[in-house]
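Q: Please take a close look at one part of this structure and describe it in a connected way. I would like the cut-off behind each term that you use.

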Amino acid sequence: MELPEANETLSRRRFFVNGIKVVAGLLGLGLGIPLVGFFIAPALKKEQHDWIAIADLNLMNAGEPAKVTYQYTRRDGWKTAETRKTAFVVKHADGKITALTNKCTHLGCGVEWNASSKQFTCPCHGGVFDIQGNVTAGPPPKPLTRLMVKVEVNKIFIKDAQQ
Ligand code: FES
């Protein structure tokens, strides 16, 4: 008659062991999932940078693009690198502000503002863009890329969405 009691003890022991395994597994999942997320999240994040103060609105002349160079820390997964880029900030006659990258959309040469013809010209293959960045001549397939712009307390800020 001792046999059923032994079985009952074994069964109770097995129950506690299994219970401990379940609790340990849940704890492992509870800690493991956030840890995996912590290590993988940077690789899934898109590069981002904050708004960059680039020019003083009061110093801008309408119709005269100002060439500016800006720098930000580029994050790509776990890697970071300092990135330096050039853009043109334009104050238009109606007071509107735009910012364009200086990269030609044909093969990426740096465009320059030609004050006499009032156009951006590309030295590589003769691409020409108007002050809005639209293609007016040459092989570029699309307008110059626009950057995000905001003005706060007479300071012009840009944000490079393409990063
Ligand atoms: S790179 Fe500008 S026209 Fe070709």
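A: With a relative accessibility of 6%, C104 counts as buried, where buried means under 20% relative accessible area, exposed means over 50% and partly exposed lies in between, all with a 1.4 Å probe and protein chains only. C122, at 7%, is likewise counted as buried, whereas C124 reaches 36% and is therefore classed as partly exposed.

These values come from a predicted model, in which local features need pLDDT of at least 70 and side-chain atom pairs count only at pLDDT 80 or more, while totals for chains, interfaces and linings use all residues. Residues are numbered from 1 along each chain as its sequence is written, and side-chain values use heavy atoms, with hydrogens and water left out. The protein has a mean pLDDT (the predictor's confidence in each residue, from 0 to 100) of 87, and 87% of its residues reach 70 or more.

Taking a disulfide as a pair of cysteine sulfur atoms within 2.5 Å, the count comes to 1. The pair is C109 and C124, with sulfur atoms 1.9 Å apart, and the torsion about their S-S bond is about -95 degrees, so this disulfide is left-handed. Because C109 sits in the loop between β4 (97-101) and β5 (112-114), and C124 in the loop between β6 (119-121) and β7, the pair ties together parts that are 15 residues apart in sequence.

β9 and β10 form a hairpin with 2 residues between them, and V153 in the turn has a positive phi of about 45 degrees.

Terms used: Helices (H or I, at least four residues) and strands (E, at least two) are DSSP runs, numbered from the N terminus. Two strands pair if DSSP finds at least two bridges between them.
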